[in-house]
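Student: I have a structure to go through. Can we take it step by step?

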Amino acid sequence: MTHLQAGLSPETLEKARLELNENPDTLHQDIQEVRDMVITRPDIGFLRTDDAFILRFLRARKFQHFEAFRLLAQYFEYRQQNLDMFKSFKATDPGIKQALKDGFPGGLANLDHYGRKILVLFAANWDQSRYTLVDILRAILLSLEAMIEDPELQVNGFVLIIDWSNFTFKQASKLTPSMLRLAIEGLQIFLHGNNLNSLHQLIHPEILPSEFGGMLPPYDMGTWARTLLDHEYDDDSECNVDSFNAPPKDIEKDLSPKSMKRSQSVVDPGVLKRMDKNEEENMQPLLSLD
């Protein structure tokens, strides 16, 4: 085991060997192979090419050198082409902070049976008066950047669950083609539809909150936000002007946690909807969540 694998448990080390083709004897050579390809894309500013950073992309592409480089190039190309997305790219940015506090994204306390981190979004909780869809996307990307620092998650991965129940026409009107493209280029997305049975085939009910038909108590959307914001989670100095002008009772309502809007209707059995092979190959996600 090399120092680059120091954060992995014995079980995860074995998983990396068997499933990702990670070999400690050739690890530095694998990394250098990817680093040597950087010169083939002089149009991209590769801001990081250190061993630990390149290793993330090798793990995401099962140590296929060229595919790992393609993902690395896409990562920096996306950032280069969307510079405004990454200005003030921190949890305390007002828009990102409010999105995080409303659970965009939230994270479940337990990992799934594959050791993956489960991120959750309840789309209907989007308060368009306080932050934009771009703020939500920025909050998701920032969260993934923070989580991918964990070598265990680099091997095991992430799952993002988006619940569209009670998403309104007014909210949907903000989903412009350009915004959807921005999100799709940044994230790999799977849809399970209005079907909890297919969701439970992927993620066991034992680790899911009651909103997803799981066995755990109702979901606390502030768990992940408190992790990122720490003591600044309860700092409300960045509230908008309207909140300061509102009566005290309205301010209290504004800042209190929103209740989940998940539909409690019974869902019919169905199958998981996934993009077909051509769509999946053409998308080339910035950050893989599988």
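This is a predicted model: local features need pLDDT of at least 70, side-chain atom pairs count only at pLDDT 80 or more; totals for chains, interfaces and linings use all residues.

Student: Where is glutamate 22 found?
Tutor: Helix 1 covers 10-20 and helix 2 covers 27-36. Glutamate 22 is found in the loop between helix 1 and helix 2.

Student: Is glutamate 22 buried or exposed?
Tutor: Its relative accessibility is 2%. Buried means under 20%. Therefore glutamate 22 counts as buried.

Student: Which side chain joins that of glutamate 22 in a polar contact of 2.9 Å?
Tutor: Glutamate 22 touches several residues beyond four places away in sequence, including Gln5, Leu8, Arg59 and Phe63. The side chain in the 2.9 Å polar contact is that of arginine 59.

Student: Why is phenylalanine 63 classed as buried?
Tutor: Phenylalanine 63 is found in the loop between helix 3 (51-60) and helix 4 (65-81). Its phi is near 60°, a positive value in a residue other than glycine. The cut-off for buried is under 20%. Phenylalanine 63 is buried because its relative accessible area is 9%.

Student: What is the relative accessible area of asparagine 21?
Tutor: Asparagine 21 is in the loop between helix 1 and helix 2. Its phi is near 65°, a positive value. Asparagine 21 is partly exposed, and its relative accessible area is 49%.

Student: Which peptide bond joins phenylalanine 104 and proline 105?
Tutor: Proline 105 lies in the loop between helix 5 (94-101) and strand 1 (106-107). Omega is about 0°, and the bond is cis.

Note on methods. Residues are numbered from 1 along each chain as its sequence is written. Side-chain values use heavy atoms; hydrogens and water are left out. Helices (H or I, at least four residues) and strands (E, at least two) are DSSP runs, numbered from the N terminus. Buried means under 20% relative accessible area, exposed over 50%, partly exposed in between (1.4 Å probe, protein chains only). A polar contact is a pair of N or O atoms within 3.5 Å; within protein, one must be able to donate a hydrogen and the other to accept it, and residues adjacent in sequence count only if both atoms are side-chain atoms. Contact means heavy atoms within 4.5 Å.
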